[in-house]
Amino acid sequence: MKKMLAILASPRTEGNAATMLDIAVGMARQKGCEVTYVDLYQKNIAWCRGCMACKQTRSCVVEDDVKDIERNLKECDLAAVASPTYFANVPAPLKNVFDRLVGAVMDDNGGMIPKPLLSHEQKYLVLVTCSTPPPFDRLGGQSTGTVKAIKEFFHTSGMKRAGTVVFAGTKGKCAVPLGVAKKIEFIMEKI
Ligand SMILES: Cc1cc2nc3c(=O)[nH]c(=O)nc-3n(C[C@H](O)[C@H](O)[C@H](O)COP(=O)(O)O)c2cc1C
């Protein structure tokens, strides 16, 4: 059975990012995947101390909920991250998880080019929301900033992108447009 790690990086558990993730999770479950759902805002995750100990241990030396995320990330076939855009980037809790996982996902002890520690057989799905409407979400570097930050983490880890879906112009909208839902379903169908 395939394993999916689903990470909600929004405090709004009934918001648009959450709905997008629910669509992907629903499809995964339909296909028989085992899903681990992580609501980041409900987790006990300390700040990255920048101590760099993880460069030797290949795992953060702080014991908290990030350990479960690390284990699930290493074991998953698909990681889906649903994130709103906060100041043209990911929200702080998600950035912090990326920072806490640096030693677990890349090895840069051997020189200039970091060695990915995860597998290219593993895939990731990027789901992003932002209030800036299209095309200004891209022209103004809003959703693109968020997508870039998520891709940077997974690409450096060695994982392969399954797809990216952006719901731009969320202001005043409490439902995910059909076109956005269809894009998620299309990507999940192929996994
Ligand atoms: C602190 C904060 C910063 C935000 N910064 C941006 C931004 O830089 N660009 C943007 O388009 N939307 C920004 N937004 C709007 C959210 O990305 C948007 O409302 C998103 O859809 C909300 O999350 P949800 O999808 O979980 O409901 C910001 C919202 C908050 C709360």
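Threonine 170 is in contact with Asn16, Thr129, Cys130 and Ser131, leaving aside its neighbours within four places in sequence. The model is a predicted one. Threonine 170 lies in the loop between β7 and α8. Threonine 170 has 20 other C-beta atoms within 10 Å and is therefore buried, since 20 or more are required for that class. Glycine 15 is 155 residues away from threonine 170 in sequence. In space, the two C-alpha atoms are 9.7 Å apart.

Helix α1 was examined next. The end C-alpha atoms of α1 are 21 Å apart. This agrees with the 21 Å that its 15 residues should span at 1.5 Å a residue. Buried positions in α1 are Asn16, Ala17, Ala18, Thr19, Met20, Leu21, Ile23, Ala24 and Ala28. Asn16, listed here as buried, is also one of the contacts of threonine 170. The cover over the buried residues of α1 includes the strands β1, β2, β3, β6 and β7 (160-168). Helix α8 (178-189) contributes to this cover as well. Glycine 32 follows α1 and has a positive phi, near 90°.

Helix α1 also takes part in a right-handed β-α-β unit, with β1 and β2 as the strands. Strand β1 (residues 3-8) pairs with β2 in the parallel sense, over six bridges. Within this pairing, isoleucine 7 stands opposite valine 38, and leucine 8 stands opposite aspartate 39. Strand β1 also runs parallel to β3, to which five bridges join it. Here leucine 5 has alanine 79 as its bridge partner. Of the six residues of β1, five are buried, and the strand is mostly covered. In a regular strand, side chains alternate between the two faces of the sheet.

Glutamate 34 lies in strand β2. With 14 C-beta neighbours inside 10 Å, glutamate 34 counts as partly exposed. Residues up to four places away in sequence aside, glutamate 34 touches Met1 and Lys3. Glutamate 34 and aspartate 77 are 43 residues apart along the chain. Their C-alpha atoms are separated by 10.0 Å.

Helix α7 (residues 143-157) has 15 residues. From first C-alpha to last, α7 reaches 22 Å, close to the 21 Å expected at 1.5 Å a residue. Its buried residues are Ser143, Thr146, Val147, Ala149, Ile150, Phe153, Phe154 and Ser157. Glycine 158 follows α7, with a positive phi near 100°.

Methionine 52 is not a glycine, yet its phi is positive, about 65°. Methionine 52 is found in the loop between β2 (34-39) and α2 (54-57). Methionine 52 counts as exposed because it has 11 C-beta neighbours inside 10 Å, and 12 or fewer place a residue in that class. Phenylalanine 87, likewise a residue other than glycine, has a positive phi near 50°. Phenylalanine 87 lies in the loop between β3 (78-84) and α4 (92-100). Phenylalanine 87 has 10 C-beta neighbours inside 10 Å and so counts as exposed.

A cis peptide bond joins proline 134 and proline 135, with omega about 0°. Proline 135 is placed in the loop between β6 and α6 (136-139).

Notes: Residues numbered from 1 in each chain as written. Predicted model: local features only at pLDDT ≥ 70, side-chain atom pairs only at ≥ 80, totals over all residues. Helix = DSSP H or I, 4+ residues; strand = E, 2+ residues; numbered from the N terminus. Expected span 1.5 Å × (residues − 1). Contact = placed C-beta atoms within 7 Å. Pairing = 2+ DSSP bridges. Right-handed = clockwise from strand over helix to strand, strands pointing away.
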